[in-house]
Amino acid sequence: MTPDDRDQNLEPFLEITNISKRYGDKTAVDQVNIHIHRGEIISLLGPSGCGKSTLLKIIAGLEEFDSGTVSLTNQSLEGVAPEDRNFGLMPQDLVLFPHLNVWDNIAFGLRMQRQSQINIQSRVNDLLTLVGLPDQGERNVQELSGGEQQRVALARSLAPEPKLLMLDEPMGALDRRLREDLYLHVKAILKEVGVTAIYVTHDHDEAFAVSDRAVVMQNGKFIQIGTPEKLYTTPSNAFIANFLGFRNIFPATITSQPHSSNLKTPIGIFEVAPNQVPRAFEENEATLLVPNQSITIQNADKLTTATKTISGVIESKIFQQGYYRIQVKVRTETLHLSVPMTTDSVQLALGNTLNLEIDPTKIMVLAK
Amino acid sequence: MKPTLSGAVKALPFAFLSVLFAYPLIMILVKSLTHGGSNPIEPFGILLSDSFYLQRIWFTFWQAAVSTILTLAVGLPSAFVFAKYQFPGKRLLLSLTTIPFVMPPIVMALGFIALIGPSGVLNAFLSSTFELERPPIGILNTVAVVLIAHVVYEFTIVVRIVSTAWERLDYRLQESARVLGAGPWATFRLVTLPLLFPSIIAAATLVFMFTFTSFGVVLILGGSQNSTIEVTIYTLTAQLFQLPLAATLAIFQTLMTFLIMTSYAWLQETKIVQIGFQPHQKEERSNEEKRRRLFLGSNMILVLIILSPMLALIAKTFIDENGLNFTYIMSIFSNTQNSFFFVSPLKAIMNSVIFAIATVTLSIPLGLASAYAIGQRRVWWKNPLDGLLMLPLGVSAVTLSFGFLVTFNRAPFDLRGTWAIIVLAHVLIAYPFILRILLPALRAMNPALRDTARVLGASPAQVFRKIDLPILSGGLVIGASFAFAISLGEFGASLLLNRPELTTIPVVIFRFFGQPGQENLGQALAMSTLLMGMCAISFFVIERTRGEDRWTF
């Protein structure tokens with residue numbers, strides 16, 4: 001893991017120290033550490049089964065854990081029941097209480113706090129307005145659309161003014177387009193309210209759009225923490241790169257030369273500057289990541305011998321959002337690239353051979 | 001978190017069952033062993049080498065198998081109609097089919113006598129129409145009438161379980177099959193039937209178990225030749241006082257039902273997983289109005305046939321050769337009888353209602369705690385555990401009462417002749433139904449509801465009160481009505497544990513029925529009609545509560 005979460009000079013709010021949790025012989029959460037600042041939105045990103053939801057339940061107090069501490073503003077939460085923590089939870093599948101209407105769902109937490117009827121009244125009204133459902137309190141939750149349910153679930157979790165809001169794949173049940181609209185809406189509301197939040201998802205676009213910092217989790221471990229920009233530009237290993245949607249990831253063997261390093265990969269040998277290779281894995285097995293912007297298509301007639309090119313045969317081509325997404329077979333591997341639709345279509349015919357130039361200064365070398 | 005409290009709640013049903021169920025059964029086992037000397041297997045050896053008992057065991061199996069097949073044959077078409085069509089009075093019709101299920105066998109017997117007895121409604125009608133000298137239908141006291149009575153009893157089980165599953169079947173699967181080139185029949189055979197199979201098997205298992213332990217119907221209607229294990233236990237206990245032998249038979253029967261119940265629990269779980277809550281069409285898009293009418297009409301006739309013994313009984317109560325006659329029903333409310341067994345009918349009604357209320361009060365928390373004890377676990381022994389908790393349903397009322405009699409017969413726990421012993425027997429018979437009704441709903445409940453409520457500030461007790469109870473409330477009302485009706489109609493335990501001052505409606509009917517004379521028969525009919533009315537009211541409550549068709553066992 002990369003413990004670079006102290007680079008923001010903010011006061012620590014929620015501190016998670018060395019939390020571990022085992023189920024039988026399976027480790028669900030493994031030595032996890034993070035400091036979350038007040039007002040910060042952290043996303044927990046990882047494939048299903050990586051331990052995200054378990055960690056959330058541990059923070060909520062719904063799950064016992066084996067070792068470590070969870071503390072809020074320097075107070076350990078050990079022994080504090082979930083109902084006494086004043087947190088909020090937006091569960092997976094957005095389950096609303098089916099026997100209560102919209103109003104009573106939102107008022108649930110306020111009633112648990114024994115707030116006065118007048119307070120409840122105005123608070124629920126405020127929240128309905130905040131999430132864009134004014135005057136819809138009397139509706140039955142069964143008749144709400146997916147998006148509306150999501151808004152009500154958000155309002156319900158925000159109503160008691162939680163110190164920390166946990167969102168467990170809150171968009172899981174919704175279709176893609178609706179998700180994009182909604183997570184922007186959710187982010188706007190979270191920032192407006194100023195609540196500290198942990199947002200669990202397996203969708204990197206969603207995580208990057210919503211959060212200030214993202215944590216990538218694999219097999220119960222935090223393997224990288226950072227801002228979306230940092231994660232995207234320097235994913236620390238092949239798993240993260242793959243998870244963030246990079247397609248051109250190849251195993252590589254590094255051989256150090258006096259002024260450069262040689263990368264031996266299935267698509268060819270690349271020479272990179274020493275500063276491109278992180279110190280930790282010189283002379284070692286590593287991963288080559290070829291970002292799309294490092295690849296250019298060479299016209300056969302303009303071929304110069306100065307640039308390093310590799311050639312491959314076009315295997316498939318699809319048109320997507322103004323770009324052609326092309327798969328090129330290079331030796332035994334497949335290289336994915338996306339080119340503007342203005343590219344000469346004859347050149348992009350299936351079965352054509354393409355000469356590709358790969359800019360060695362733009363490729364990335366990651367841990368295995 | 002308070003694991004101790006929830007642990008205690010979940011342990012409650014097991015504690016209850018250990019004392020009131022396992023202990024009596026062990027006492028029966030002990031009784032059985034004294035019969036065989038030192039070798040524990042020996043009593044069973046004796047049993048299984050005696051052709052008299054072998055013949056009865058064989059009869060028990062085959063009549064149960066045939067009854068099950070017949071009930072499926074009659075019930076499945078009706079389940080189809082109930083699942084696929086909406087029509088006015090659908091719920092009422094469905095709830096009417098449940099009435100026979102909770103009727104004591106003596107009422108069923110009276111119904112059959114009223115229908116096809118020598119002067120029964122059907123025989124009288126046929127005789128006068130075709131000018132016959134003798135009543136044409138003479139199947140009373142034969143196996144045939146036992147099988148028919150079982151179909152009448154268990155019809156509702158097949159219809160309810162299978163139609164619920166059928167209704168929830170994702171119609172898009174059938175549409176896909178049609179588009180893939182399967183005709184209606186092939187679609188049914190290759191898609192619908194395999195998907196319904198678990199629920200059909202589940203229904204069949206229940207029917208088999210109920211008919212396997214059939215008591216009153218066989219005792220009263222079956223004639224002296226035909227006797228199930230259950231009837232044999234009763235005869236050995238109550239008439240021949242051969243307790244050890246009765247004990248061995250009871251143990252044998254209990255083992256069988258435990259196997260049946262465990263497989264039922266397993267099947268019910270697979271059913272839940274496979275079918276789930278799918279979107280379903282409200283109704284078969286019927287451009288064929290003719291076919292719809294044909295189906296609805298046939299189904300209506302079928303249900304009427306199922307109800308015909310009950311209808312004949314009501315008719316006989318109020319109508320005689322001279323037309324309308326209210327003397328029978330009036331006689332319930334006047335104390336004209338004074339024979340040695342005499343209990344005023346009003347007193348019996350009082351007893352029945354009080355026992356039923358006590359049964360509901362005790363079996364609701366017990367059923368609820370049992371549902372929690374097995375509802376949220378995911379372990380291999382969950383199904384045997386479920387089978388164990390359901391065992392009282394399979395261990396017949398007679399065995400149960402027999403166990404009570406050999407167990408709670410010494411101070412300070414001499415419960416013989418107290419109201420408590422009857423109520424406890426009824427609780428053991430009724431709570432498995434509550435468990436069965438609540439369990440699917442509890443399993444379908446998203447645990448995130450509770451997590452969310454906790455995080456929103458609700459303590460475990462508040463979560464139970466504000467989330468679980470309201471969500472389960474429909475099931476609880478239905479379970480309560482069911483338990484109420486079951487207690488009202490319970491016959492075997494009430495008969496075996498009876499004392500004059502504890503007499504219930506079914507026992508009074510049995511007594512009246514056993515006495516000669518038109519007057520007594522009339523009173524028996526009148527009490528039966530009254531009982532039916534009370535059960536009908538309680539099922540009316542059920543159907544009003546069935547907001548969605550989520551509640552079924």
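Which residue of chain A forms a salt bridge with B:Asp451? The partner is A:Lys57, with the closest N and O atoms 3.3 Å apart; a salt bridge here is a side-chain nitrogen of Lys or Arg within 4 Å of a carboxyl oxygen of Asp or Glu. The count between chain A and chain B is 2 salt bridges.

The model is predicted, and local features need pLDDT of at least 70, side-chain atom pairs count only at pLDDT 80 or more, and totals for chains, interfaces and linings use all residues. Residues are numbered from 1 along each chain as its sequence is written, chains are lettered from A in the order in which they are written, and side-chain values use heavy atoms, without hydrogens and water.

Chain A gives 26 residues to the contact and chain B gives 19, where contact means heavy atoms within 4.5 Å. About 2,000 Å² is buried between the two chains, 70% of it on carbon and sulfur atoms; this is the accessible area (1.4 Å probe) lost on putting the two parts together, summed over both. Of the area that chain A buries against chain B, 31% comes from A:Glu83, A:His99 and A:Met112, more than from any other three residues.

The largest has 164 residues, and B:Val107, B:Phe404, B:Leu428 and B:Ile509 have the most contacts inside it. A core is a set of buried (under 20% relative accessible area, 1.4 Å probe, protein chains only) Ala, Val, Leu, Ile, Met, Phe, Trp, Tyr and Cys residues joined through side-chain atoms within 4.5 Å. A second, separate core of 35 residues includes A:Leu110 and A:Tyr183.

Note on methods: Buried means under 20% relative accessible area, exposed over 50%, partly exposed in between (1.4 Å probe, protein chains only).
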